[in-house]
Amino acid sequence: MRHPVPDRALTLAGLLAFAALLFGAVLLHAQSHPDADESVIGVMAMNILSRGEHPTFFYGQAYGGGGAIEAYLAALIFAFTGPSAIALKTVILLLWLVTLAACFRFCDRFFDRATAVCACLVLTVASPLVEWHLKARGGYVGVVLCCTLALHCYAELLQGPHRSAWRFGLLGLCCGVGYYNLELIVPFLLALLLASLAHWRWFWRPRAVLGAAVGFVIGLGPSIAFNLTHQLVNLRYVYHAFRAPSRELHGLPRVLSLFGTCVPRFLSGRNLDRVVDTTRLQTRLEYAAYGLLLAALCLTVLPRAWRWLRARDAQSPVSVPLELETLLLGYVVLYLVMQCISKGPVEPRYLVPLFPALAILSARSALRLASERGWPGRAAAVLLLGTVLGGGLVTHVRHLGPSYVTDKVELADGRVLRLATSGDTVPALLRYLQEHHLTRVWCLHQLQWRLMFESQLQVLASDWPLHDELVDGAVGLTPAASCYRQYDELVAAPPGPTAIILHHEDARWPALLARPFMRHFTRRTMIGEYVVMSRAGG
């Protein structure tokens, strides 16, 4: 039974209001300060406004157009509010609200109202997304939104009866923009491609293929232009990420690391810069709840899908909910398999694209249990979905507190430093630097961009010369390309930097102090977690 439009609108408005309040509380009380990558996007937005730049990708990268997309959107807000961390993160908050609305519309149209509400609640409070609802990291919210929109377009074509070329073009456009935004969408595109083979008479007609191809090319336009003018560097990156040899784990150790370490960290909100101290019990309960919900849905859906495939003919009716559930299950499996065979690093953040599939499948599984398995099924549904939602709310509450950033620094000898910085430290550093006219600074990459963004480029910082100076045998940073060489050159220009800043827990102090240039930086001041070294009399 279809619910009237006012009822649907009120339900959606309530969900969006709840999400906005939750995200706003986290923004103001836990994530009010940007990390390094967010600050890069903030500087990109500032340069779009002040210099008329038109970036295609994240500074210093040949992939992930989501960084540029977020910078353009932030520039629109900066034009009215001025640059700030709150304004930058508001872009991501608004994108998530759009994603929730799209997910609600998709589930309400092709499943039912209960699925729409439950899926949106999971998307709102899920522990893995506690950080990502507000993080301008470059494309992660975009890939969830593009997957949701592409699912809606595919389901519309599946349901029919209108299958015009422009509808296929819209599906191709969503897929093209999704790939340009973040290449991690590739498993989803492959899952869609495989699913379309079951309906080749609709999806593989010349007009349908042409429409989808034109839409895909338009959506991928910026990436295509970049590849043509930069020796296919973007395509070479994608190949390298999946197949080129690397020092990362592979084979069985990679599989064990993915499911034994990476997935638990992802499900407990241990992603990037804000580590939430969830208990092991909560992590295990949420891991088990997601796993059992997916397993229960597989046992219900896959046999039915197999029977439909064996018995169908050209006149067989299409069960849209069943096919969408099968598609989403196949996508989750395909994504995890590709993570197992990929040559890239095993990181919790690479699992973010599992949403919205994970939210929709969890909702569908719980509702199927409740409706098809009697009172035991209802009890199991309440227990499992309650664990996911309750655990997510607990994670959000534990996430509230003083804002801080944890920087991951990789040393040349393979060690990893995790340097925690209070959110109040960078403003204090900027006040000190500006009071003493120390406007050109050498520091780590993670601090470099925060200083420049939060000072609105009144302080210029560089990590490039410091990379070269700190590499000393087994102690030091691995050399890396600068994100924006122009700032490096400005800081290094004579008479050189006016200050050097290093975290007090950084293990490279002996190597730094042994360098000849350090004899000029004899004045030391402790600001928060950092030591500011400046020239005597500076």
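Let me start with E325, which touches F111, L297, V301, L361, R364 and R368, leaving aside residues up to four places away in sequence, where contact means heavy atoms within 4.5 Å. E325 sits in helix α15, residues 320-341, and helices here are DSSP runs of H or I with at least four residues, strands being runs of E with at least two, numbered from the N terminus. E325 counts as buried because its relative accessibility is 0%, and buried means under 20% relative accessible area, exposed over 50%, and partly exposed in between, with a 1.4 Å probe and protein chains only.

A word on the source. This is a predicted model, in which local features need pLDDT of at least 70 and side-chain atom pairs count only at pLDDT 80 or more, while totals for chains, interfaces and linings use all residues. Residues are numbered from 1 along each chain as its sequence is written, and side-chain values use heavy atoms, with hydrogens and water left out.

Turning to the whole protein, the secondary structure comes to 22 helices and seven strands, and buried residues make up 55% of the 538 residues. Among contacts between residues at least 6 apart in sequence, 75% join residues at least 24 apart.

Now the sheet. Five strands form an open, mixed sheet in the order β4-β3-β5-β7-β6, with pairing assigned if DSSP finds at least two bridges between two strands. The edge strands are β4 (460-462) and β6 (523-527), each of which pairs on one side only. β6 and β7, the latter covering residues 530-534, pair in the antiparallel sense over five bridges, and R524 has M533 in β7 as its bridge partner. Helix α18, residues 425-435, lies across β3, β5, β6 and β7 and runs at about 145° to β6; axes are lines fitted to C-alpha atoms, for helices over the stretch in contact, and angles run from 0 to 180 degrees between N-to-C directions. Helix α21, residues 485-492, also packs on the sheet, touching β3 and β4, and its direction makes about 100° with that of β4.

Finally, the cysteines. How many disulfides does the count come to? The count is zero, taking a disulfide as a pair of cysteine sulfur atoms within 2.5 Å. For C103, the nearest cysteine sulfur is that of C107, 4.1 Å away, and C103 is buried, with a relative accessible area of 0%. The sulfur of C153 is 4.0 Å from the closest cysteine sulfur, in C174, and is therefore too far for a bond; C153 also counts as buried, at 11% relative accessibility.
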